[in-house]
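Q: I would like to learn how to read a model like this one. Could you take me through it feature by feature?

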Amino acid sequence: MKSGLKKWRTEITHHEHENQELVGSLKEFWEAQIQNAGGNSLKKLQNRLRGLEQLHSQCSMNLKEKEAQWSSQFDKDDGK
């Protein structure tokens, strides 16, 4: 079971890294869009960016909770 847990942790780490790269790219894109936008469009884009950043934060917390659940489950299964 430990190999399964190690595999899950490796996959989680990979997905977290990939997620960070995507968020960085998205942020760059939105910042470029903001620079090219004006007036109300600027505020709308800034609000959308903040919303996406909050969503990313929530997803990261959910992922950590799942990892803890999986780890706990693997530990229980390992004890059987």
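Q: Is S71 buried or exposed?
A: Buried means under 20% relative accessible area, exposed over 50%, and partly exposed in between (1.4 Å probe, protein chains only). S71 has 13% relative accessibility, so S71 counts as buried. One caution before we go on: this is a predicted model, where local features need pLDDT of at least 70, side-chain atom pairs count only at pLDDT 80 or more, and totals for chains, interfaces and linings use all residues. Residues are numbered from 1 along each chain as its sequence is written, and side-chain values use heavy atoms, with hydrogens and water left out.

Q: Which residues does S71 touch, leaving aside those up to four places away in sequence?
A: Contact means heavy atoms within 4.5 Å. By that rule, S71 touches L5 and R9. S71 itself is found in helix α2.

Q: How many helices and strands does the protein have?
A: Both are DSSP runs, numbered from the N terminus: helices are H or I with at least four residues, strands E with at least two. Here there are two helices and zero strands.

Q: Which side chains meet in a salt bridge?
A: A salt bridge is a side-chain nitrogen of Lys or Arg within 4 Å of a carboxyl oxygen of Asp or Glu. The whole structure holds one. E53 and K27 form it, at 3.2 Å from N to O. This pair links distant parts of the chain, 26 residues apart: E53 sits in helix α2 (residues 39-79) and K27 in helix α1 (residues 2-36). E53 is partly exposed, at 32% relative accessible area. K27 is also partly exposed, at 36%.

Q: What share of contacts with a separation of 6 or more joins residues 24 or more positions apart?
A: That share is 66% in this protein.

Q: How does the radius of gyration read here, against a compact globule of 80 residues?
A: The radius is taken over C-alpha atoms, and the globule rule is 2.2 Å times the number of residues to the power 0.38. A compact globule of 80 residues would come near 12 Å, but this protein has 18 Å. Its C-alpha atoms fill a box of roughly 65 × 15 × 5 Å along the principal axes. Of the 80 residues, 10% are buried.
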